[in-house]
Structure formats: C-alpha cells, structure tokens
Amino acid sequence: MEKFTTLTSTAIPLDIANVDTDQIIPARFLKATDKKGFGNNVFRDWRFNKDNSINAEFVLNNPIYKGKILVAGDNFGCGSSREHAAWALVGYGFKVIVSSFFADIFKGNALNNGLLPVQVSEVFLKELLTAIKANPELEITVNLIEQTIGIEGKVSEAFEIDAYKKTCMINGYDDIDYLLSKRDKIEAFELKKANA
C-alpha cells in the first residue's frame, strides 16, 4: 500500500444516500480475484446506460468534477461484504471517501486496501457537498496525522480512525507488513521464551 499522511485534492460530489456495494461494483464483475481492472467498472450501472453508452447525467462522467476524494451521501458501502467494492474505488483513483456513515465491513475493507473512509457529521457533509457543487475547483485537505478534514483551511472537522489502521496507513503497511515491522521484537520475545 502507498503511505498516506495528507491529501489535498478537488472532490467529486456523489450526493446519494445508501450506496450499497452492488452499486459500487455490480455482482457480475466479481469473477476475478485480482484487483486489476476493477476501477473500470466502478459504479458501472450508473456510469453507463444499458446500451453501454456513457450516462452524461452521472457525476463521475461530468468533466467539471475530478479528484481523488469522493464525497458521498449517508450510509456508504452498505449491503454485501464484498472487498471488490474497495478494489474498484481504489482502482478508479480514489484515495478518500467521505460520508456521514459507513457500513462496518466496507470501512474495514477500505482501510485494508489503502482507501481512507472519513466519517463526518451530517452537517459538515452537507456543507462539503454544497461547497463542491458551488465550486468544483474547491480543494479539500485530509490530514490523517491530525485526523482532520477541511475546506481550503477555512472549515474543518475532526474524524475518528482506529489507531492500528492509522499506523498502517501512515506507514503504507498491510497486516503482514505491520508484523514484519515488529520482527526484531518478535524474535527477541521468542528467544527470551526459549531461554526461560
């Protein structure tokens, strides 16, 4: 995984509540076990019409919006527990997803794949969505070390994150990398135990 400390980026406003994992990556694309290519099909049934033409009405197809941050409505990532949803979002290029609530399994899958789910208050979420729609060039800064998210330094809010997952994201560790970073301590413990 890539290290994550701070990100400043424009954002895409997905002002839809209750986005489930089947909407993020439809079930028909779950046959592969490799992460590659999933970004091409993120929000497939919303991004494309039934005849595979581009749905110009969908926000990800609107050229005025771009960036590595997706600001979504309440209850993002609900539904089935597919890790492919996180793969698809990362594959598309997102580094941060902002919502006022995340499904627990989606949140864990996101963190395990280097995608930071930032949970904010409903009031702050509404402010973000309104601000982005008013100014698509607006930059949002997410500071993982300080656990804050802000609009060009003017309005900010703190967010919570599990301390272990924070350490992993800052260092670019997956669970195995984290264990390997503790190799000296593990070996010293095993040696002490063997000599006891």
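Which residues do ring pairs link into a cluster? In this structure, which is a predicted model, the members of that cluster are Phe-43, Trp-46 and Phe-58.

By the rule applied here, the count of aromatic pairs comes to eight. Let us take one of them, formed by Trp-46 and Phe-58. The centres of these two rings are 5.8 Å apart and their planes stand at 55°, so the pair is classed as tilted. Trp-46 belongs to helix α2, whereas Phe-58 is in the loop between α2 and β3, so this pair ties together parts that are 12 residues apart in sequence. Phe-58 has a relative accessible area of 7% and is therefore buried, since the limit for that term is under 20%.

The charged end of Arg-44 sits over the ring of Phe-48, at 4.1 Å from the ring's centre.

Please look for Asn-41 in the loop that runs between α1 (21–24) and α2 (44–47). Its relative accessible area is 15%, so Asn-41 is buried. Which residues does Asn-41 touch, if we do not count those up to four places away in sequence? They are Ile-24, Ile-25, Pro-26, Phe-29 and Arg-47.

Next comes Asn-109, which is located in helix α4, residues 104–112. Is Asn-109 buried or exposed? With a relative accessible area of 12%, Asn-109 is buried. Setting aside neighbours within four places in sequence, Asn-109 is in contact with Ser-81, Arg-82, Glu-83 and Ala-86.

Finally, I would draw your attention to the backbone of two residues. Asn-75 is not a glycine, yet its phi is positive, at about 65°. Asn-75 is placed in the loop between β3 (69–72) and α3 (84–92). Its relative accessibility is 18%, so Asn-75 counts as buried.

Gln-147, also a residue other than glycine, has a positive phi near 55°. Where is Gln-147 found? The answer is the loop between β6 (140–143) and β7 (148–151). Gln-147 is buried as well, because its relative accessible area is 15%.

To close, I return to the opening question: the cluster linked by ring pairs consists of Phe-43, Trp-46 and Phe-58. Thank you for your attention.

How values were computed. Residues numbered from 1 in each chain as written. Predicted model: local features only at pLDDT ≥ 70, side-chain atom pairs only at ≥ 80, totals over all residues. Heavy atoms only, no water. Helix = DSSP H or I, 4+ residues; strand = E, 2+ residues; numbered from the N terminus. Buried < 20%, exposed > 50% of the residue type's maximum accessible area, 1.4 Å probe, protein only. Contact = heavy atoms within 4.5 Å. Phe/Tyr/Trp six-rings, centres within 6.5 Å; stacked < 30°, edge-to-face > 60°. Lys NZ or Arg CZ within 6 Å of the ring centre and 35° of its normal.
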